[in-house]
Each structure stands twice: as C-alpha cells, then as structure tokens.
Amino acid sequence: IACLDLTFEELFHTVLNPELQPPTRFLSPEMRQQREDELVRRIQLAVETLKAQGRPLLQQTICELVGLSFTALRNYPGAKAALSWVAQEQRRDIPRQKQRREQELILRVEQAIDSLQAEGKRVTKSAIANQVGMTARKLSYYPQVEALLTQAVRQQRERHVRELSAQVRQAMARRWPWRDRSSGTPTGVAS
C-alpha cells in the first residue's frame with residue numbers, strides 16, 4: 001500500500017467501487033480541472049433543481065444530489081466555493097422561509113378555527129394546535145400566528161360570556177317574571 005501511495009481506505013474504495021473516480025491526487029492537473037468543472041456544474045444544476053421545486057438550499061441535500069460527500073467536494077476549490085455560496089444563500093433565505101412558513105400556518109390555523117367552530121367545539125390554543133398538528137408553543141413562535149390564536153381565543157371567550165349572560169337573563173326572567181327586564185327591579189315598585 002505504501003508503494004502505491006494509497007491509504008488502506010482508498011485502496012478498498014477504489015477496488016470495491018471501480019465506477020467511481022480514482023483519488024484526486026492521481027489525476028493530472030487537466031483531468032482534475034475537468035472534474036472540478038463538472039462538479040461545479042452539477043452543484044449549479046442541483047441548486048436550480050431545488051429552487052424550481054421550492055425546496056430549501058441545504059448543503060447536505062446538494063451533496064446528495066451531486067452524489068459526493070461534503071468532505072469529498074471540499075477537495076475541489078471551485079466546488080468548495082460553490083458550496084460556500086450555497087451556505088450564504090441558505091442564511092439569506094432563512095427569513096423568506098420563515099415568512100413563507102408563517103403564511104402557510106396562518107391558513108392552516110384559520111381552517112382549524114373554522115373547523116372547531118363548525119363542530120361546536122371550544123376554540124383554544126391547544127385545540128387549534130392539535131388540529132394543525134403542532135404544539136401551541138411552536139405555533140406561537142410565529143408572531144402573526146400567535147396574534148391569530150390570541151384573537152380567536154379572545155373571541156371564543158367573549159362569545160361564551162355573552163351566551164352565559166343571555167342564559168342568566170333568561171333564567172331570571174323565568175324565575176322572577178314580575179321584574180322589569182331592563183333595570184332588574186320588580187315592576188310596580190317605586191324607587
């Protein structure tokens with residue numbers, strides 16, 4: 001192995017996977033540059049594919065699409081630069097991804113609220129979260145979703161208070177029919 005200038009792992013890698021390229025140090029400078037150019041093109045194609053599919057630009061996903069590990073791609077300066085650009089794009093894309101996710105969750109929360117109301121169930125943060133398939137804590141990470149949750153719960157509470165007040169007034173009217181309904185005082189009694 002020493003006379004071949006190979007590590008034990010490289011020897012088995014080459015023997016067991018003959019379709020794969022030999023270690024880069026055995027390539028001529030021209031072949032190495034061609035390989036690097038090909039890898040950069042494949043990285044660019046992976047980026048375009050992910051963007052077209054609306055998927056996030058993750059280095060791991062790109063490496064999977066290219067068919068090489070991050071460690072292997074780092075051996076090529078052009079590929080390493082392309083992956084570095086991907087990492088920068090990913091950091092820049094985080095706010096857009098969060099905003100897109102928040103808009104999706106707003107729609108799902110609105111649907112959950114409508115569903116709970118249609119079923120006559122109480123509208124609570126945990127009930128909404130269960131319908132959406134997330135915890136209430138995770139939903140509250142998104143400010144607009146949290147505002148929507150708070151508003152829905154407050155409206156539920158206000159509706160409940162109005163319903164209880166109406167029930168109390170009806171019960172009082174049945175129990176004391178001689179009372180003046182507007183003031184609550186017995187009719188015919190001077191104040």
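K121 counts as partly exposed, at 45% relative accessibility. Here buried means under 20% relative accessible area, exposed means over 50%, and partly exposed lies in between (1.4 Å probe, protein chains only). This is a predicted model, in which local features need pLDDT of at least 70, side-chain atom pairs count only at pLDDT 80 or more, and totals for chains, interfaces and linings use all residues. Residues are numbered from 1 along each chain as its sequence is written, and side-chain values use heavy atoms, leaving out hydrogens and water.

K121 has a partner. Its side chain meets that of E119 in a salt bridge (3.1 Å, N to O). A salt bridge is a side-chain nitrogen of Lys or Arg within 4 Å of a carboxyl oxygen of Asp or Glu. E119 is also partly exposed, at 45%. Side chains of opposite charge can pair when their charged atoms come close.

The structure holds 5 salt bridges. Another joins R41 and E38 (3.3 Å, N to O). Both lie in helix 2 (residues 29-53), 3 residues apart, about one turn of the helix. R41 is partly exposed at 47%, and E38 at 34%.

Helix 8 (residues 143-175) holds R154 and E158, 4 residues apart. Their side chains form a salt bridge (3.6 Å, N to O). R154 is partly exposed at 41%, as is E158 at 38%.

Now the whole protein. It has 8 helices and 0 strands. Helices (H or I, at least four residues) and strands (E, at least two) are DSSP runs, numbered from the N terminus. Of the 191 residues, 24% count as buried.
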